[in-house]
Amino acid sequence: MLALSVAAVLAVFLLYVSIAGGRTPQLRPSQLAGHHEKVSLVGKVKGPVHGTSYSSGGMRFWVADVDGRNGVKVPVVYHGSVPDLFKVGRHVVIDGRLRQGVFVAQRDTLVTKCPSKYSPKKT
């Protein structure tokens with residue numbers, strides 16, 4: 001009976017964690033306005049890229065919606081490691097918070113999406 005009770009509590013805990021716990025909302029730059037909590041920003045890198053990620057001022061660049069139709073772009077300040085595939089035009093995901101109109105990224109959270117993995121298959 002005790003083992004079944006422990007198993008039931010663990011099952012409920014795992015279900016809660018998988019559904020509600022630890023989720024960070026993913027937003028495009030056009031959805032970012034008014035969100036000041038931690039989010040994952042998803043978009044395309046727009047240039048120019050200034051600075052270096054390990055300097056006190058950080059690396060600065062812009063991120064726009066992937067489709068780019070609405071023209072909204074957000075300035076980003078980033079500190080930490082930069083993936084080898086990072087460059088203007090690359091799709092990225094980065095965690096952080098919007099502060100006074102600038103997305104201040106959390107250290108070492110910049111991830112680039114592999115372009116070949118997300119492009120349509122050639123026939």
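This is a predicted model: local features need pLDDT of at least 70, side-chain atom pairs count only at pLDDT 80 or more; totals for chains, interfaces and linings use all residues.
Residues are numbered from 1 along each chain as its sequence is written, and side-chain values use heavy atoms, with hydrogens and water left out. Helices (H or I, at least four residues) and strands (E, at least two) are DSSP runs, numbered from the N terminus.

- Two strands are taken to pair if DSSP finds at least two bridges between them, and E6 pairs with strand E4 (residues 73–78) in the parallel sense over two bridges, with Val76 standing opposite Phe103.
- Strand E5 (residues 91–99) pairs with E6 in the antiparallel sense over four bridges, and Gly96 has Ala105 of E6 as its bridge partner.
- The hairpin of E5 and E6 has two residues between the strands, and in this hairpin Gln100 takes a positive phi near 50 degrees.

**Ser53**

- Ser53 lies in the loop between strand E2 (39–50) and strand E3 (59–64), and it is buried (under 20% relative accessible area, with exposed being over 50% and partly exposed in between, for a 1.4 Å probe and protein chains only), at a relative accessible area of 7%.
- The side chain of Ser53 reaches the backbone oxygen of Gly80 at 2.6 Å.
- Not counting residues up to four places away in sequence, Ser53 touches Gly58, Met59, Tyr78, His79, Gly80 and Val82, where contact means heavy atoms within 4.5 Å.

**Salt bridge**

- The structure holds one salt bridge, a term for a side-chain nitrogen of Lys or Arg within 4 Å of a carboxyl oxygen of Asp or Glu, and here the side chains of Arg28 and Asp65 meet at 3.8 Å, N to O.
- The pair links distant parts of the chain, 37 residues apart, with Arg28 in the loop between strand E1 (26–27) and E2 and Asp65 in the loop between E3 and E4.
- Arg28 is partly exposed, with a relative accessible area of 42%, whereas Asp65 is buried at 3%.

**Surface patch**

- Leu2, Val6 and Leu10 form a nonpolar patch on the surface, with about 310 Å² of accessible area together; patches are made of residues with over 30% relative accessible area and no salt bridge, with like charges joined within 9 Å and nonpolar side chains (Val, Leu, Ile, Met, Phe, Trp, Tyr) within 5 Å, and accessible areas come from the Shrake-Rupley method with a 1.4 Å probe, only the protein chains shown counting as cover for residues.
- Val6 lies in helix H1, residues 2–19, and is partly exposed, with a relative accessible area of 44%.

Note on methods. A polar contact is a pair of N or O atoms within 3.5 Å; within protein, one must be able to donate a hydrogen and the other to accept it, and residues adjacent in sequence count only if both atoms are side-chain atoms.
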